[in-house]
Amino acid sequence: MTATARKTETEATAISATRTGTVVMIAKRPASKLNIRKPLAALCRNVLPPLVVLIGLLAVWQIACSNPGASLPPPSQVWIDSYDLIAFPFFDYGSQDIGLAWRVLISLERVAIGFGLAAVVGVFLGAVVGQSVWAMRGLDPIFQILRTVPPLAWLPLSLAAFQNSNPSAIFVIFITSIWPVIINTAVGVRNIPEDYRNIARVLRLNPLEFFIRIMVPAAAPYIFTGLRIGIGLSWLAIVAAEMLTGGVGIGFFIWDAWNSSRLSDIIVALAYIGVTGFVLDKLVALLGNVITRGTAKN
């Protein structure tokens, strides 16, 4: 039987069933199989190259530091010496004897406070500088001078002002991370299309409404670029500040491990710091892409 004959017979059967009132069950389409090729290809494309490079670097490190006179321990020795820090990041045996994950969380708490303040104040000041020509002429040179001051240079002044290590470290984070937020926000505000400003004049928006409804959405890609730079600087500043202020953060752990000649522990702590900084950057980038619908500058 040809395909045309089968089609004609099927149509005749359907017409006959319709006339007699018979209910005809229509065969369901076969369920499409789950296609895992695309996610698997994306996983290999994003994970496999850095994994290969990491394995290569570890191999070179192992070979270079395996000699008895090597000044740094090889990866195999780091695994043996610091197994507890690697395998049990959340152990807690006392105020100073805690896992590196707890130390990272303590440092992140300070970063959240300092960077949160810097984000709010930086966006506001950046909007003022970008919107007002006189504010830009008066404040921009001062900002350009202050942003070149190294983070640790602020630490003695903050200790003298606050008389406490915790607010001093938070101030160092704030003063370090605020400048890229201010500068990028100001650039974004200055690049707002003139049509947007004309629409605000037609709608007679007050300054607060213009800031919320026009300025912030239009400058959001620039703002999140500044926030990404700022969160990286915050993480750098807290580690450096904790080395001098003490406490139980990850920075003080590195300094204490150096004083105790525990090089393997320092290497593990550096890995924690690097991974945490990477995650923070990706979280801010993801938030920026969601809010700006993918228009944030990378």
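How do the residues of the lining of the largest pocket divide into nonpolar, polar and charged? The model is predicted, with local features requiring pLDDT of at least 70 and side-chain atom pairs pLDDT 80 or more, while totals for chains, interfaces and linings use all residues. Residues are numbered from 1 along each chain as its sequence is written, and side-chain values use heavy atoms, without hydrogens and water.

**View 1. Lining of the largest pocket.** The lining divides into eight nonpolar residues, one polar and no charged (Ala, Val, Leu, Ile, Met, Phe, Trp, Tyr, Cys and Pro count as nonpolar, Asp, Glu, Lys and Arg as charged, and the others, Gly among them, as polar). V123, F211, V216, P217, A220, I223, F224, I291 and T292 line this pocket. Two or more lining residues come from each of α10 and α12 (263-292), and α10 provides the largest share, six residues.

**View 2. Crossing of helices α10 and α11.** The axes of α10 (residues 207-245) and α11 (residues 250-259) come within 6 Å and cross at roughly 45 degrees (axes are lines fitted to C-alpha atoms, for helices over the stretch in contact, and angles run from 0 to 180 degrees between N-to-C directions). The two helices are therefore oblique to each other.

**View 3. Residues between α10 and α11.** W235, V239, E242 and M243 of α10 meet I250, G251, F252, I254 and W255 of α11 (contact means heavy atoms within 4.5 Å). By class, this contact has seven nonpolar residues, one polar and one charged.

Note on methods. Helices (H or I, at least four residues) and strands (E, at least two) are DSSP runs, numbered from the N terminus. Angles under 35 degrees count as roughly parallel, over 145 as roughly antiparallel, 65 to 115 as roughly perpendicular and the rest as oblique. On a 1 Å grid over the protein atoms alone, a cavity is a set of points where a 1.4 Å probe fits but cannot get out, and a pocket is an open set with protein on both sides within 12 Å along at least five of seven lines; lining residues have an atom within 4 Å of a point.
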